[in-house]
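Hi,

Here is the structure I promised to pass along.

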Amino acid sequence: MIYSPSPLAVIVFGAFVAFTLGLSFYFARRTRSAAGYFAAGGQIHWFVNGVAFAGDYLSAASFLGICGMIASYGYDGFLYSIGYLAGWIVALFVIAEPLKRMGRYTFADALNSRFQSRAITLSAGISTLVVSVFYLIPQMVGAGALVTPLLGLPHWAGVSMVGAVVMLIVVTAGMVSTTYVQFLKGSLLVVFSAVLTLMILNRGLTTEPEAPGFRVPRVGQAVSESAVGSLSAAELGLVGEELLPEEGKWSDTPYISTRNLETGHVTVWRESPVMSRNADGVLAAEAGQVKFYETQTLTVLPDGKRLVNGLPQGHGEGETDFFPVGNIERLPGGETSTGAIGPVDFFSTLEGSDILLWKQDPSKYPVSIDGELATTTVYYPQLTAGTDILLPGKSPTFNGIRGEALMPKLNFLSLMLALFGGTASLPHILIRYYTVKDQAAARKSTVVGIGSIGFFYLLTLFLGLGAMTGGVIDPTSANNNMAAPLLAKSFGPLLFAMISAIAFTTVLGTVSGLIVAAAGAVVHDLMTSVGRMQLTDHEKVRAGKLTAAAVGVLAIVLGILFEHMNVSFLVGWAFSIAASANLPSLVMLLFWKGTTRQGITAAILVGMTTSLAWVLLSGDTFTAVYGLPAERAPVPFNQPGIVTIPLGFAVLVVVSLLTRRTNAKPVV
Amino acid sequence: MAPLDHGPAAGGADDTPLEQRRNARIGMLLFIIYTACYTAFVLTAAFAPQQMATRPWADINLAIWSGFGLLVLALVLSLVYSWLCRARGVR
């Protein structure tokens, strides 16, 4: 879909970015030391820090990715909400207070509190950099996805803009400004998500949502499957259309094409079984009965020109664009609207409803236009039971859990394990424990963080399902990262502007935090501790700013390269790498006295390299990044955690046992 | 604007060793409770997905109830932890 910028959205967005930068410049004048730059001087109030935790954590993955995944597939996106919050339990109950006690600036400080080993500092510093970069990718992809409908700019422009603004923020004031940006953004995100949820419930569920540009797709009448070939368009219930000869690209496919008798426009229709609820309330196909649903097509010509439904794509004269989709076809009891609805009734009504979800036909249909060979992609609606949408296993990521094969189930367990263990291993979360003054403040800020984050995650299912049924979905978007802001747009331009600006600030805040974490690792761990460079406080801050700029440029490049992937899925990788590299060392250092410095170093390096290698050799990477078939991937499933996290623990124990003697001090 | 004036890092009053041990004990107990619930949820979704379709209450399936339940449990346990660890001066 082509988006036009909304002036109001641009003004609100500009005001948000200006305020954020103003805040950053204000704090820049107060940041004089390395402690102030990297850890905010340890003086942030625990409540501010707690909400800033939410700001750090509720990244593009949560707001854009989870809502987008729920809007596309239903419950599966909510599994991420559950896993992400569960990770905070590990952070609060196991990691928070000891980490605060042991460290000063970075995660490596904590690991090194007992050993003062350069090898640990080096490996932890590298691991921080790798995890930060992997976490940065989805944030930048989310930024690009946001700016497209907001400002009408292409993806690369959005990514570059976020990169530039974030570098300005981080280079000016470091952790202090990052913290207050996160506080602001965390508060606004939770409050406005709650407002949006209340508006969804107040509007209720309807078969004809009033979103801008939305219309219910046309559908023919039920006919006998065996008679389809002999019926006219009128007999198929395709009013005002004439059938085109079934030849060329559409022969032997579930499609027919028609020409409108009035406008001459061509429409492609897809044959679908007639579905109805049986006596048990289960949605099932009626034997031998079919009907035709209107589809939307995209034809790409050899010169790159795009035709939508046979016309040039655009908003000018003689042009057209995709119309937004996603609606309930049948509500329980044949109603057309529920009116305002409570949260419990929202789910029970959806369970009894049938919803039109749009899919992309994986086949590319060749077509000859003026002697040139073009390809056509078809997007079509599919009637889906609400009961199916509200269960795990609908999305390609998780659909294996509904089958019998073991590998897809292991893939699911692996991701849920990585989400559980990954939070407490994320460098930009860990460094936030150093911005408060003591362990009690670390504990209290984590509780505030869990409260804010948990409340937001409770809302994600309402937001995602509201978008799914609200007529706001872009049928061509495989990842639907824009579902939540577009849902807001259906309530008016002001809410869209606010939500988009908050989402953009979300990306700014999270990227700032990640870049500060990466800069801290480079300057504090790699340059001064490992490289033994003698830097003054002022030089440390300057080196941190230079590193921040370099990481920012890298993030922009990666954000452009990974444009087409769902941001939540990408964050799953970051969690896997973080949990595999960092969690074994953190946990064993706290709970096993036999841990040695060699054990910690080996566990970090093995956990990081094996999880990274697994991700790079997975089927999803083969398909999405290398353009190769997933079957050629050498690893049996996509998510590494279930193998590489235990491997990290095993390596730590074995290496620690082997090196215990060399570490033992002689008794004099 | 004293609270926003960020000078060099300054340590606060850390917990005493006894308080640290008490907090660690409470944290571990609550961690085990939550982990058990989370594990049960994940294993049910993976190996008995049909159970998730059952509707225990209000015509809403177990998947929704258990998902919301885990989110609320995390909030409740974090508050319990904070309350149990509030007392200072444990000797």
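**The domain interface**

Between domain 1 of chain A and domain 2 of chain A, the rule finds one salt bridge across the interface; by that rule, a side-chain nitrogen of Lys or Arg lies within 4 Å of a carboxyl oxygen of Asp or Glu. A salt bridge joins the side chains of A:R402 and A:D388, at 2.5 Å from N to O.

Before going on, a word on conventions: this is a predicted model, in which local features need pLDDT of at least 70 and side-chain atom pairs count only at pLDDT 80 or more, while totals for chains, interfaces and linings use all residues. Residues are numbered from 1 along each chain as its sequence is written, chains are lettered from A and ligands numbered from 1 in the order in which they are written, and side-chain values use heavy atoms, with hydrogens and water left out.

Where do the domains of chain A run? Domain 1 covers 44-205 + 400-663 and domain 2 covers 223-399, with bounds that come from an automatic or database domain assignment. Taken over C-alpha atoms, the centres of the two domains are 37 Å apart. In terms of contacts (heavy atoms within 4.5 Å), 34 residues of domain 1 of chain A touch 37 residues of domain 2 of chain A. About 3000 Å² is buried between these domains, and carbon and sulfur atoms give 68% of that area; buried area here is the accessible area (1.4 Å probe) that two parts lose on being put together, summed over both. Of the area that domain 1 of chain A buries against domain 2 of chain A, A:L205, A:R402 and A:P475 supply 26%, more than any other three residues.

**Strands in chain A**

Helices (H or I, at least four residues) and strands (E, at least two) are DSSP runs numbered from the N terminus, and two strands pair if DSSP finds at least two bridges between them. One open sheet of five strands in chain A has the order β1-β5-β4-β3-β2, with antiparallel pairing. Its edge strands are β1 (223-224) and β2 (241-243), each pairing on one side only. β2(A) pairs with β3 (residues 255-260) over three antiparallel bridges, and A:E242 stands opposite A:R259 in β3(A).

Strand β6 (residues 296-300) of chain A has four of its five residues buried, so it is largely enclosed by the rest of the structure. Buried means under 20% relative accessible area, exposed over 50%, and partly exposed in between (1.4 Å probe, protein chains only). With β12 (residues 372-385) of chain A, β6(A) pairs in the antiparallel sense over five bridges, and A:V300 has A:T375 as its bridge partner. β6(A) also pairs with β7 (residues 306-308) of chain A, antiparallel over three bridges, where A:L298 is partnered by A:V308. β6(A) and β7(A) form a hairpin with five residues between them, and A:G304 in the turn has a positive phi of about 90 degrees.

**Chain B**

What pattern does chain B follow along the sequence? The pattern is α-α-α, with three helices and zero strands. Of the 91 residues in chain B, 38% are buried. B:A58 has a positive phi of about 55 degrees although it is not a glycine; B:A58 sits in the loop between α2 (49-52) and α3 (62-84) of chain B and counts as partly exposed, at 34% relative accessibility.

Best wishes
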